Amino acid sequence: MGRLAAVVVDVDGTLVDSERDGHRVAFNAAFEEAGLGDRWDIPTYGKLLHIAGGAKRLAFWFEKAGVPAGDARRLAERLHARKTEIMRDLIEAGKVQARPGVHRLLDELDAAGVPMHVATTGTRAWVEPLLDRVFGPRFQTVVTGTEVPELKPSPAVYLEVLRRTGCPADRTVAVEDSQNGVRAAVAAGLCCVAAQNDYTQDDDLSGAALVAGGFEDPALVAWFRRRIPPPQG
Ligand SMILES: [Mg+2]
């Protein structure tokens with residue numbers, strides 16, 4: 001890839017450590033409110049993350065516990081709706097913050113005039129308040145799981161960003177944290193940089209052009225600096 005034309009970022013686990021400190025906490029609160037004894041500790045939740053999509057994750061959990069498939073799906077959908085509300089409350093309370101180094105990278109991209117977009121399978125109901133609160137109006141195009149229900153590793157959400165923005169796929173880089181995310185970006189024809197977190201240390205990220213330990217990893221900082229266009233004028 002030559003100079004960057006655009007950057008498309010994932011939200012969950014990439015921009016924010018939302019899984020461990022946001023979603024997991026919100027799922028547990030929803031269980032408790034519903035009078036259920038289920039609780040997801042940090043390692044248990046880490047294993048469940050291989051199932052993309054909160055409602056699917058819940059349905060899988062209940063089915064595994066012996067709940068018939070139809071009942072499990074209905075219960076999962078009801079709990080998931082409440083969990084989304086709780087997640088919004090956590091975001092509004094400032095409990096979900098940018099991962100270290102994210103603001104610095106976004107500032108550099110912004111200064112260089114590189115357009116930034118979002119491709120997430122999260123629902124708009126919590127993604128939008130999170131982006132507003134933590135990042136402000138940085139992102140031009142935000143495509144969420146509300147508009148594109150096909151979950152990663154399907155490339156659908158990335159393809160929709162490309163369709164809406166007209167960005168050239170061969171000069172657009174995706175930033176992801178997980179195996180499903182990297183696969184989605186690569187299947188859409190994008191170059192992908194992976195910024196791992198604690199939950200994705202063991203993921204197979206071999207499709208990524210670079211696998212970094214996070215946004216403060218010097219390899220990631222250097223990778224972007226080499227490709228950011230020089231200031232204009
Ligand atoms: Mg992610």
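Colleague: Thanks! Let me start with a residue I picked: where is the place of Val114?
Modeller: Val114 sits in the loop between H5 and E2. Keep in mind as we go that this is a predicted model.

Colleague: Okay. Is Val114 buried or exposed?
Modeller: Val114 has a relative accessible area of 4%. Buried means under 20%, so Val114 counts as buried.

Colleague: Let's move to the metal. What coordinates the magnesium ion?
Modeller: Asp10 (OD), Asp12 (O) and Asp177 (OD) coordinate the magnesium ion, at 2.2 Å. Along the chain, the donors follow the spacing D-x1-D-x164-D. Asp10 and Asp177 link distant parts of the chain, being 167 residues apart. Asp10 is in the loop between strand E1 (6-9) and helix H1 (18-33), while Asp177 is in the loop between strand E4 (172-176) and helix H8 (179-187).

Colleague: Are Asp10 and Asp177 buried or exposed?
Modeller: Asp10 counts as buried, at 6% relative accessibility. Asp177 is buried too, with a relative accessible area of 5%.

Colleague: Nice. Which residues are linked with Asp10 in a network of salt bridges?
Modeller: Lys152 and Glu176 are linked with Asp10 in that network.

Colleague: How many salt bridges does the structure hold?
Modeller: The structure holds 16 salt bridges. One of the others is between the side chains of Arg138 and Asp107, at 2.5 Å from N to O. Arg138 counts as buried at 17% relative accessibility, whereas Asp107 is partly exposed at 43% relative accessible area.

Colleague: What about Glu77 and Arg73?
Modeller: Their side chains meet in a salt bridge too, at 3.9 Å from N to O. Glu77 and Arg73 are four residues apart in helix H4, so about one helical turn separates them. Glu77 counts as partly exposed, at 45% relative accessibility, and Arg73 counts as partly exposed at 44%.

Colleague: Changing topic: how is the protein chain divided into domains?
Modeller: Domain 1 is 6-17 + 97-227, and domain 2 is 19-92. Their C-alpha centres lie 24 Å apart. The contact takes 14 residues from domain 1 and 19 residues from domain 2.

Colleague: What area is buried between domain 1 and domain 2?
Modeller: About 1400 Å², with carbon and sulfur atoms giving 59% of it. Asp17, Trp126 and Tyr199 supply 43% of the area that domain 1 buries against domain 2, more than any other three residues.

Colleague: And how many salt bridges and polar contacts are there across that interface?
Modeller: The rule finds one salt bridge across the interface, and there are six residue pairs in polar contact between domain 1 and domain 2. Helix H6 (residues 124-135) gives the largest share of the side of domain 1 that touches domain 2, with five residues.

Colleague: Which residues of H6 are buried?
Modeller: Trp126, Val127, Pro129, Leu130, Leu131, Val134 and Phe135 are the buried residues of H6. What covers them includes H1, helix H4 (69-92), helix H5 (102-111), strand E2 (116-119) and strand E3 (141-143). Just after H6, Gly136 takes a positive phi of about 70°.

Key: Residues numbered from 1 in each chain as written. Predicted model: local features only at pLDDT ≥ 70, side-chain atom pairs only at ≥ 80, totals over all residues. Heavy atoms only, no water. Donors = N, O, S within 2.8 Å, 3.2 Å for Na, K, Ca; no water. Helix = DSSP H or I, 4+ residues; strand = E, 2+ residues; numbered from the N terminus. Buried < 20%, exposed > 50% of the residue type's maximum accessible area, 1.4 Å probe, protein only. Domains from an automatic or database assignment. Contact = heavy atoms within 4.5 Å. Buried area = accessible area lost by both parts, 1.4 Å probe. Salt bridge = Lys/Arg side-chain N within 4 Å of Asp/Glu carboxyl O. Polar contact = N/O pair within 3.5 Å; in protein donor to acceptor, adjacent residues only side chain to side chain.
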